[in-house]
Amino acid sequence: MPKTRDALMYSVYFAPRGAVRMTEMGKLLAQRHLSPFDRLIGIVGEAGSGKSMLVKGMFPGLEMTNDDNGVNIRPLPLLSAGEGGFFSPHTYHVDLRFESAFTQMSELADAVMRALNMGKRVVVEHFEMLEPFIPVKAELLIGVGEEIIVTRPTIFGPEAKEIAGIVFQSIKYRKMAHTAEDLVERMLWNRYKENFQHGDVRHGFLLEFDQRPEVDISAVEEYVRSKIAQSLPVSYVDEEHIKIGDNIHHCTGPRMHVRFTNEIEGFSMSPEIVHDPLSGRYLLVGLVGGASWDDFRHLNRIGKAK
């Protein structure tokens with residue numbers, strides 16, 4: 001009986017900026033797109049974009065061969081796939097960018113194919129590095145940039161390098177938006193720290209309130225622009241905090257920021273609080289990259305230029 005193929009061309013989601021939200025997104029993607037019969041899963045995206053958190057959400061309990069704290073499993077389990085007999089893992093993980101510093105790409109490609117031929121599943125980060133060395137496509141290919149792109153490649157494409165080109169270009173907007181969002185939070189923190197949730201808009205961010213906040217938007221915008229002009233360093237502290245200049249700030253996505261605040265381009269705030277009649281919430285909206293407020297209803301329109 002011939003194997004059927006999912007009719008999915010591609011799906012696009014906003015890439016969350018916090019670790020918990022990214023893990024939940026991974027869980028959602030697994031529910032919507034992952035088949036029990038998928039064996040080769042390709043993940044594409046820059047270091048720090050949240051690929052590993054996405055994988056953890058998609059495959060709870062998977063032994064990750066790398067983590068953000070620099071702990072790496074040696075030797076790489078994939079290289080000895082199947083040697084444990086009945087007790088060998090079903091699913092293997094490999095970070096190609098890291099492993100290519102220690103093992104020839106041809107050897108890694110052989111190990112991936114050997115595992116696949118044994119009926120194992122392999123989850124490959126930086127899949128665009130591997131694709132030219134193997135004769136098969138990823139059955140599920142996911143790119144992580146400002147947005148998360150999910151596709152099922154065929155012989156007609158898309159290729160991993162195409163997805164990489166898109167997400168590598170767009171990740172800068174996610175970094176700018178996240179850092180600008182944290183600067184806005186700093187000004188509102190003492191009064192509203194427990195009273196808003198985070199949301200997404202293309203080239204920007206949302207702070208969502210159940211009640212209309214008493215916020216001087218022009219003052220918030222001026223504050224953020226002054227911090228941008230100061231070119232303050234932005235650095236990782238731990239998994240729940242970053243440092244902006246000399247100030248420690250709570251953040252659950254501490255690796256997704258620009259290096260200095262002056263790398264935030266074209267920042268602006270919504271001229272007024274936006275009410276969403278669907279959710280009943282009040283939205284404080286910030287944009288980066290010079291996005292226009294001419295018609296905020298079209299910020300997320302399909303086919304909008306990057």
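Begin by selecting Tyr192, Phe196 and Phe209, which ring pairs link into a cluster; rings of Phe, Tyr and Trp (its six-membered ring) pair if their centres lie within 6.5 Å, and planes under 30 degrees apart count as stacked, over 60 as edge-to-face and the rest as tilted. The model is predicted, so that local features need pLDDT of at least 70 and side-chain atom pairs count only at pLDDT 80 or more, while totals for chains, interfaces and linings use all residues. Residues are numbered from 1 along each chain as its sequence is written, and side-chain values use heavy atoms, with hydrogens and water left out.

A search of the whole structure finds 3 aromatic pairs. Select Phe98 and Phe102 next: their ring centres are 5.0 Å apart and their planes stand at 50°, so this pair is tilted. Phe98 is partly exposed at 27% relative accessible area, whereas Phe102 is exposed at 54% (buried means under 20%, exposed over 50%, partly exposed in between, with a 1.4 Å probe and protein chains only).

Return now to Phe196 and Phe209, a tilted aromatic pair with 5.6 Å centre to centre and 55° between the planes. This pair links distant parts of the chain, 13 residues apart, with Phe196 in strand S7 (residues 196-201) and Phe209 in strand S8 (residues 204-209); strands are DSSP runs of E, at least two residues, numbered from the N terminus. Phe196 counts as buried at 11% relative accessibility, and Phe209 is buried too, at 1%.

Finally, select Arg255, which lies over the face of Tyr236 at 4.1 Å from the ring centre; a charge sits over a ring if NZ of Lys or CZ of Arg is within 6 Å of the ring centre and within 35 degrees of the ring normal.

How values were computed:
Helices (H or I, at least four residues) and strands (E, at least two) are DSSP runs, numbered from the N terminus.
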